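This report describes a single chain.

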Amino acid sequence: MRRYLKIAKWRANKQFQQQQRSWQPHKTRLVERLQAIWFNLSTAQKLYLLALSSLIVLQSGWLSATITIIALVIEFWPKFNQLWHSLAGKALILIFYASIANFVLAGASGIVNDVTHVSASHFNYTHNFATLLYLPPWAMGITLGTLLLFQLFLPFYIFVLLLIKPFGSERIKFISQSYSPLLTAIVRFVLASVVFINLISFIDDQPPEEVLDNMVSTFLDSKVIAKESGEEQQKAVEQLGEKLEQQLPSSEESFAPSQDVNIEGDSETAENLRQFLDTKGYFERSKRLIAMFAYSFEADSYSRCLKAKNSKAVELNDYEIVQVTPDHHAEYGYRFEVIACDSPGVTPVEK
């Protein structure tokens, strides 16, 4: 019996060695093929492959987004420089970013008005500070959105080039002679979408999965609304508005201090820091920073008009001032009030 077992074991080992020897050439050719493909890839393509691997294997959206941004900069920065060195390219780039700056200025003015309850023209430095806060996300978001739309149309552009190539077309291609440009464009589009979703997740302080679900549900709702009649569309829009209002946090939940915060024992700076960290979303936190900047730098500690003891003032005209007072129960940590100027030269009219 042992002899038969030894013979069977010997035959199994011999057959396994024969299979290994038969697979060895295929394994060697596969490794050589993968090495050839890897060395044919550009630096940006290698980073795209690394970002895709981190997204699939590690399931890390932020790591994938960071690597993708580096790859996009490496790939498109030379083309940006080439576009900048032409007259038409300079005009296009300047018009593009000037339009973004105009929208940011208008948006910052509205934000300052929302925080201070008066025109932003009375808070010039605060308006400039709000512009600096809102310019980077606007510029990055619109640039990534444009790049994402470009990636959407790029595979069709490559497909058209492939169709007209048999007819002897020698047109200059926008894409350099790289390995598999069509597959690269598809991977780039997927990764650019990941970057866009993670950017929205950072701004709104929401998980990327929730952002993606909201985008998909909004797209499906708009698709269903477009197919319905006028009255049904109106009802669907009202239902969608009620749904969005339910998702938004109420003012009491958003700005009420936490239960574990001891306002009397903590200092004002620590309390402002806690409320700032409790606030969710980049734009809501920016509003708190804008209110803090208006109180700390824009408003005057001393004024010719009578004001409260712990408050500061910004003069609107000869008869009115904005009194800024720290208030942890206020919407953004500070209370802005327009009051009549009570000074030795001006006496407010009694109501």
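## Surface and model

The accessible surface of the chain comes to about 24,200 Å², and carbon and sulfur atoms account for 62% of that area. Accessible areas were computed by the Shrake-Rupley method with a 1.4 Å probe, and for residues only the protein chains shown count as cover. Of the 351 residues in the chain, 29% are buried; buried means under 20% relative accessible area, exposed over 50%, and partly exposed in between (1.4 Å probe, protein chains only).

This is a predicted model, in which local features need pLDDT of at least 70 and side-chain atom pairs count only at pLDDT 80 or more, while totals for chains, interfaces and linings use all residues. Residues are numbered from 1 along each chain as its sequence is written, and side-chain values use heavy atoms, with hydrogens and water left out.

## Secondary structure and contacts

The chain has eleven helices and three strands, in the order α-α-α-α-α-α-α-α-α-α-α-β-β-β along the sequence. Helices (H or I, at least four residues) and strands (E, at least two) are DSSP runs, numbered from the N terminus.

Among contacts between residues at least 6 apart in sequence, 53% join residues at least 24 apart. Contact means heavy atoms within 4.5 Å.

## Helices 2 and 3

Helix 2 (residues 43-58) packs against helix 3 (residues 61-84) at an angle of about 170°, with axes 8 Å apart. Helix 2 is therefore roughly antiparallel to helix 3. Axes are lines fitted to C-alpha atoms, for helices over the stretch in contact, and angles run from 0 to 180 degrees between N-to-C directions. Angles under 35 degrees count as roughly parallel, over 145 as roughly antiparallel, 65 to 115 as roughly perpendicular and the rest as oblique.

Residues making the contact include Leu47, Ala51 and Leu58 of helix 2 and Ile67, Ala71 and Ile74 of helix 3. By class, this contact has 14 nonpolar, five polar and one charged residues. Ala, Val, Leu, Ile, Met, Phe, Trp, Tyr, Cys and Pro count as nonpolar, Asp, Glu, Lys and Arg as charged, and the others, Gly among them, as polar.

## Helices 3 and 4

Between helix 3 and helix 4 (residues 87-116) the angle is about 110° and the axes are 6 Å apart, which means that helix 3 is roughly perpendicular to helix 4. Phe80, Leu83 and Trp84 in helix 3 meet Gly89, Lys90, Ile93 and Leu94 in helix 4. These residues divide into five nonpolar, one polar and one charged.

## His127

His127 is found in helix 5 (residues 124-164). His127 counts as buried because its relative accessibility is 17%. Apart from neighbours within four places in sequence, His127 is in contact with Leu105, Ala108, Ser109, Val112 and Ala120.
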